[in-house]
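Subject: Structure handover

Hello,

Here is the structure I promised to pass on. Please open it alongside this message.

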Amino acid sequence: MLWSLIKIVFFVAIVAALTLGASYLMEAEGGVRVTVAGMEFTFGALQSVIAAVLLFVAVWVVLKIASFLVALLRFINGDETAISRYFDRNRERKGYQALGDGLTALASGEGRVAMAKAQKAERYLHKPELTDLLQAQAAEQMGDRKKAEEVYKRLLQNEKTRFVGVRGIMKQRLAQGDTETALKLAERAFAIKPKHEEVQDTLLRLQAQENDWSGARKTLAAKLKHGNIPRDLHKRRDAVLALSEAKDILDDGKDIEAREAAINANKSSPDLVPAAAMAARGFIADGRKKNATRLLKKTWLAQPHPDLAAAFAEIEPAESPTERLRRFRTLTSLNSDHRETKLLLAELHLAAEDFPGARRSLGDLWETSPDARVLTIMAAIERGEGSDDAIVRGWLAKALTAPRGPQWVCESCNNIQTEWSAICNNCGAFDTLSWKTPPRTDVTLPAGAEMLPLLVGPSALPEADIAVVDPADDVETETAPATPETEESSGVSDTAEDAEQAPEENTEEPREKAS
């Protein structure tokens, strides 16, 4: 209503301006004098303006007639499309103008305007390879998936736009969660344009999700061939795919093939911990203990990890704790300042019942990095050295509310997994798991955990324990799993039993004090 009123006011203003201008011209003196063939014509000011406008129109009409006559002569001379081109020229101009306006509207986020301009351009141009693409993108922007899919299917009929149609339908299937159909469409799009990086990444991710490891390795090789991935990253991801393929082969009972695949994966990426552990176990099964030792030492130097220590222990499974401690010196001498090396040495000393040695090996980790594993080891050390049960329970109380420490964490969504895999089981990202401490979040304590200082008594907690048991800490309700070395220590197992019995043994003491 308001817009209509504005247009009416604007029209009246234009008419009034023209009328006022005409009145000024009529009252003005002088004019234009034209002499033609001895005849003289005198025009007033208003007549001169009207004559100029008529002359401009006449010239435009003459030019149009002349261009039509030229087209007619070409048609007579055998150019059958000369006249149709003459009439289509104006339509093309209007069509391309509408197409340009539609692209501008699409970039501005005006989906409905872009759709209207695309339909107008189609009426003038009759070029669906241009207008259909604009309509599809406008329909997606409007949220009309049905219309968009209909247009994409029309694009499939043209060889020039077939890739665009396949890619558009593939993205729609991905949005709907239909990964099976999306995988087939990705393979088709990859066959049409193998150099397209987005299609390569989508196909690789879908193949990995479907456990098509051999197909994923071919796609990865294509990415390297066309320069869409650095060579070092290609080696790493090819090793990840080879390791995943080896796991599937092992599940099928083909041990020898699985070992070879794991060894090849380790050669491609020596710092890939799961591949190194699996390859080492393959060497151990073949009786090649020296190869397994050399491989594990090389990987431990790059990244110490509990899985490597467990595989190193399997080289000599029947050795005594003292012999194991002596043999592990070749491993722990590498990266001796690393946190994992200190924890491994502490656990080995615990297994050998060398509790002072375990304390020395642990160092100040209980202060600088107090996670559940560190605090549980401290409880075992205190138990082994004969400390009071209250002190042991104090360390276990801290372990109950301490963070778990390094775990397999997805770099994309921060999801935590207990075992490594090529695909994140939460967001489906490929090769995003890394061994690190997860980010800390503010969560509430488990039921009864906030009462631990009352149950074990303040004297049972080491210095500053009350301040450490803070609701802001990451909460884990289970202690870190021990490596094979610590399972042999009676001190550790006894401490774990005390952890389960501690709340029950102390529940009566506060009641008696209160009474």
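Below is what was found in it.

This is a predicted model: local features need pLDDT of at least 70, side-chain atom pairs count only at pLDDT 80 or more, and totals for chains, interfaces and linings use all residues. Residues are numbered from 1 along each chain as its sequence is written, and side-chain values use heavy atoms, with hydrogens and water left out.

**Positive patch**

Lys-64, Arg-74, Arg-89, Arg-91, Arg-93, Lys-94, Lys-120 and Arg-123 form a positive patch. Patch residues have over 30% relative accessible area and no salt bridge, and like charges are joined within 9 Å. A salt bridge here puts a side-chain nitrogen of Lys or Arg within 4 Å of a carboxyl oxygen of Asp or Glu. Accessible areas come from the Shrake-Rupley method with a 1.4 Å probe. Two or more patch residues come from each of α2 (45-76), α3 (82-107) and α4 (111-125). Helices (H or I, at least four residues) and strands (E, at least two) are DSSP runs, numbered from the N terminus. The most comes from α3, with 4 residues. Arg-89 sits in α3. Arg-89 counts as exposed because its relative accessibility is 52%. The cut-offs: buried is under 20% relative accessible area, exposed is over 50%, and partly exposed is in between.

Next, α18 (residues 339-351). How many of its 13 residues are buried? The count is 12, so α18 is mostly covered. Among the buried ones are Arg-339, Glu-340, Leu-343 and His-349. The 13 residues of α18 should span 18 Å at 1.5 Å a residue, and its end C-alpha atoms are 19 Å apart, which agrees. The expected span is 1.5 Å times one less than the number of residues. Just after α18, Glu-353 takes a positive phi of about 60 degrees.

**Two loop residues**

Asn-414 is not a glycine, yet its phi is positive, at about 65 degrees. Asn-414 is in the loop between β3 (407-410) and β4 (416-417). With 41% relative accessibility, Asn-414 counts as partly exposed.

Asp-431 is not a glycine either, and has a positive phi of about 55 degrees. Its loop runs between β4 and β5 (433-436). Is Asp-431 buried or exposed? Asp-431 is buried, because its relative accessible area is 14%.

Best wishes

Key: Patch = residues over 30% accessible without salt bridge, like charges linked within 9 Å, V, L, I, M, F, W, Y side chains within 5 Å. Lys, Arg positive; Asp, Glu negative; His and termini not counted. Charge placed at Lys NZ, Arg CZ, Asp CG, Glu CD. Buried < 20%, exposed > 50% of the residue type's maximum accessible area, 1.4 Å probe, protein only.
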